[in-house]
Amino acid sequence: LGSGEWGGVQLSYLLNQTNIDSDVHSILFIASDQYKVMIPIEVAQAPQTIIAYEIDGVPLTDGLRLILPGYNGASWISQIVSITMSYVEVATPD
């Protein structure tokens, strides 16, 4: 991925709109090609974790993308079609 100014919404904002259950330990993302990424709730609630819809003011051509600054690019899932809360505990992505 190239660098740029990502535009989107904080994932924590979206989660707070759902009255998230305190027993939720992780968030599962599924892409249109069925690629899956699961992140711990602590990472999901970090202020820098966003669901991006644009870069440098230009809409993304591949739909919504999970932005995880400081984490492995394989975790930056694109073409998100599903975001699900989970009670499964997972490790922090690399």
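Modeller: Let us begin with Arg65, where a polar atom of the side chain lies 2.7 Å from the backbone oxygen of Trp76. Please keep in mind that this is a predicted model, in which local features need pLDDT of at least 70 and side-chain atom pairs count only at pLDDT 80 or more, while totals for chains, interfaces and linings use all residues. Residues are numbered from 1 along each chain as its sequence is written, and side-chain values use heavy atoms, with hydrogens and water left out.

Colleague: What makes the approach of the Arg65 side chain to the backbone oxygen of Trp76 a polar contact?

Modeller: A polar contact is a pair of N or O atoms within 3.5 Å, where, within protein, one must be able to donate a hydrogen and the other to accept it, and residues adjacent in sequence count only if both atoms are side-chain atoms. The distance between the side chain of Arg65 and the backbone oxygen of Trp76 is 2.7 Å, and a further polar contact, of 2.9 Å, joins the side chains of Arg65 and Asp62.

Colleague: Why is the pair of Asp62 and Arg65 also called a salt bridge?

Modeller: The term asks for a side-chain nitrogen of Lys or Arg within 4 Å of a carboxyl oxygen of Asp or Glu. For Asp62 and Arg65 the N to O distance is 2.9 Å, so the pair meets the definition. A search of the whole structure finds 1 salt bridge.

Colleague: Is Arg65 buried or exposed, and how do you know?

Modeller: Buried means under 20% relative accessible area, exposed over 50%, and partly exposed in between, with a 1.4 Å probe and protein chains only. Arg65 has 10% relative accessibility and therefore counts as buried. This residue lies in strand β6, where strands (E, at least two residues) and helices (H or I, at least four) are DSSP runs, numbered from the N terminus.

Colleague: What makes Trp6 and Trp76 an aromatic pair, and why is the pair called edge-to-face?

Modeller: Rings of Phe, Tyr and Trp (its six-membered ring) pair if their centres lie within 6.5 Å, and planes under 30 degrees apart count as stacked, over 60 as edge-to-face and the rest as tilted. By this rule the count comes to 1 aromatic pair. Trp6 and Trp76 are 6.0 Å apart centre to centre with 65° between the planes, so the pair is edge-to-face. Trp6 lies in strand β1 (residues 6-10) and Trp76 in the loop between β6 and β7, so the pair ties together parts that are 70 residues apart in sequence. Both Trp6 and Trp76 are buried.

Colleague: How do you know which strands belong to the open sheet, and in what order?

Modeller: Two strands pair if DSSP finds at least two bridges between them. The 3 strands form an open sheet in the order β3-β2-β7, with antiparallel pairing. The edge strands are β3 (36-40) and β7, each of which pairs on one side only. Within this arrangement Ile30 has Ser82 as its bridge partner in β7 and stands opposite Lys36 in β3.

Colleague: Why is β2 described as largely enclosed?

Modeller: Of the 6 residues of β2, 6 are buried, so the strand is largely enclosed by the rest of the structure. Ser26, Leu28 and Ile30 point one way and Ile27, Phe29 and Ala31 the other way.
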